[in-house]
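Please read them with the coordinates open.

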Amino acid sequence: MEFKHKTGGALLLRIVIAAFSAVLLFQSAANSAPTSATTTAPESPAVSNATPDTSQTSPTHAAVLQPFTATYKAEFSGFGVTAERKLTGTPESWRLDFSANSMFAKIEEYSRFAQQAGRLVPLHYDYKKTGLGKDRHTALSFESTQRRVINVYDKDHTIESAPKDIQDKISYQLQLALDVAAGKKELKYDVADGKKIRHYEFRVTGTEKIDTPMGSVETIKVQRVRAQDSERVTNIWFAPQWNYALVKLQQQEDNGKSYQITLTKLSIDGKAVSLKKSQ
């Protein structure tokens, strides 16, 4: 029984990390490459019916990066995980931290990047996993002018001739939010993942009102584009009112099971978002 609980807790932790990295696959399937497609997502009972795209995605609603701290919770098959995202710094040198904890494992990762107008330029990415299973530490150094991504601990896995706008596994999440805020229709990203380059694509599907612990908020719903024969569905909700914070991520697996990651606490530029402010 103890092993079963440890396995379940570690599995959920991997799911949460994968979800925020948009791989959104179980570890055994993490190497499959996504291709373009469209799918229809099930509606969550906690949200209203989706409405068509509106001016919320217009460039006039463009978000400006501000320091924030966001806390999330996730549950899967009775196991729970708490995760936190935190942005600190200035446009010359931002740092985005992500951490997730379960009873048996802990994962921490961070990205340092600069901001050039609406584009984020990664500088360094670091990932650490401790606890159940083998500990792991990965670090990537980005040399944008040479279009090179150096694998700090394994130089043989350095990426040469990297795509011009390459991102790391968490900087691209903020790039996605900025692009949605700017009303961009082409949401495609090349992401450095060890020695590989992953290709992610998303599309805006509409707007929805979501209930959160901080109050009800209007959101823009974004869906991951997958292969046409894939039954896996991934939806992400961003809140323009809260500077395009990621408020919910929902994943439906091809085996019919689903899980959800939900924002439970948020502060922007040192000010807590509350129920009173959200209404």
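1. The largest nonpolar core has 58 residues, and the members touching the most others are Phe202, Phe238, Trp242 and Leu266. A nonpolar core here is a set of buried Ala, Val, Leu, Ile, Met, Phe, Trp, Tyr and Cys residues joined through side-chain atoms within 4.5 Å. Buried means under 20% relative accessible area, exposed over 50%, and partly exposed in between, with a 1.4 Å probe and protein chains only. Helix H2 (residues 171-181) gives this core its largest share, seven residues. Helices (H or I, at least four residues) and strands (E, at least two) are DSSP runs, numbered from the N terminus.

2. The model is predicted: local features need pLDDT of at least 70, side-chain atom pairs count only at pLDDT 80 or more, and totals for chains, interfaces and linings use all residues. Residues are numbered from 1 along each chain as its sequence is written, and side-chain values use heavy atoms, with hydrogens and water left out.

3. The side chain of lysine 221 makes a polar contact of 3.2 Å with the side chain of glutamate 208. A polar contact is a pair of N or O atoms within 3.5 Å; within protein, one must be able to donate a hydrogen and the other to accept it, and residues adjacent in sequence count only if both atoms are side-chain atoms. Lysine 221 counts as buried because its relative accessible area is 3%.

4. The structure holds nine salt bridges. A salt bridge is a side-chain nitrogen of Lys or Arg within 4 Å of a carboxyl oxygen of Asp or Glu. One of them joins aspartate 97 and arginine 95, with the closest N and O atoms 2.9 Å apart. Aspartate 97 is partly exposed at 24% relative accessibility, and arginine 95 is partly exposed at 30%.

5. Another salt bridge pairs glutamate 108 with lysine 106, at 3.4 Å from N to O. Glutamate 108 has a relative accessible area of 38% and is partly exposed; lysine 106, at 35%, is partly exposed.

6. Between arginine 148 and glutamate 143 the closest N and O atoms of the salt bridge are 2.5 Å apart. Arginine 148 is partly exposed at 26% relative accessibility, and glutamate 143 is partly exposed at 24%. Salt bridges link Glu143, Arg148 and Glu160 in a network.
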